[in-house]
Amino acid sequence: MADDFVTLDLDEDTGVAVLELQRPPMNPISSAVTETIFDLVDGLVDDGTCRALVVWGGPDMFAAGADVKEFPDWGPDEALVASERLHRANDAIAHAPFPSIAALTKYALGGGFELALACDFRLATAGTRVGFPEVLLGLLPGAGGTQRIARLVGPNRAKELVFSGRMVGMDEASDLGIVNRVVADDDLLAEATDWANRLAAGPASLALAKRAIDEGIDRPLDEAMALERELFAAAFGTDDKAIGVQSFLDEGPGKATFTGR
């Protein structure tokens, strides 16, 4: 599946999908790109075949930000519509039942950084830089960045990053927990795809665990615990529970072949 600026390749045997931005050299995220990302991810969710997603911008660039060329014609009303569109695309990834990995190289800035933060995990090459330069344009992040980064690194560090507009290298990003792993340039897609394959081979309970963490984190503790109990019980209604338990009893842990159902 593809349009002029975004491609999607789904391996139906493994359930791993690779979504690639293709607007070289900087991969700016325009309104059209945003709509396409939403349509493609929404289609993956509806289809039910995808079990893990890799998002990347090719070997030379993740995404240097929003398409600023669109901004001069926007007033507050147009900006609100655009922000809602951006949120919808990123939320489609964040709320998808399958895990997602952003594979970052060179720059993931502004809207590109927000796209990466919508994914569950982030791999990056050593020379990658991330950040929110919006303040340098008299703006602020508008695609979930202020909220996702604050939940990831805490409000104090989030404010420092957003207020300064500075770019962050991978040593600092690793220390802050923004990236999960730094890999060699030539290994980026292979490492991301390998991780996605391992996740895709996991049980249906991964989707339930993702819900427990993502939906529980902002609830009062007693409500979050109740959600966990509900989802724990739901796992006992999956085919993979029967497969996993019987495999454990017969062969020990780590031997089951799950179906994702």
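## Negative patch

Which strand and which helix each supply at least two residues of the negative patch? They are strand 1, spanning 6–11, and helix 1, spanning 31–47. The model shown here is predicted.

The patch lies on the surface and carries negative charge. Its members are D9, D11, E12, D13, D39, D42, D46 and D47. Helix 1 gives the largest share, with four residues. D39 is a residue of helix 1. Its relative accessible area is 47%. That value falls between the 20% and 50% cut-offs, so D39 counts as partly exposed.

I29 has a relative accessible area of 8%. Buried means under 20%, so I29 is buried.

Three strands form an open sheet in the order 5-7-8. The pairing is mixed. Strand 5 (107–109) and strand 8 (167–168) are the edge strands, and each pairs on one side only.

In general, strands of a sheet pair through backbone hydrogen bonds, in either a parallel or an antiparallel sense. Strand 5 runs parallel to its partner, strand 7 (residues 129–131), and three bridges join them. Within this pair, Y107 has R129 of strand 7 as its bridge partner.

Methods: Residues numbered from 1 in each chain as written. Predicted model: local features only at pLDDT ≥ 70, side-chain atom pairs only at ≥ 80, totals over all residues. Heavy atoms only, no water. Patch = residues over 30% accessible without salt bridge, like charges linked within 9 Å, V, L, I, M, F, W, Y side chains within 5 Å. Areas by Shrake-Rupley, 256 points an atom, 1.4 Å probe, with all protein chains shown as cover. Salt bridge = Lys/Arg side-chain N within 4 Å of Asp/Glu carboxyl O. Lys, Arg positive; Asp, Glu negative; His and termini not counted. Charge placed at Lys NZ, Arg CZ, Asp CG, Glu CD. Buried < 20%, exposed > 50% of the residue type's maximum accessible area, 1.4 Å probe, protein only. Pairing = 2+ DSSP bridges.
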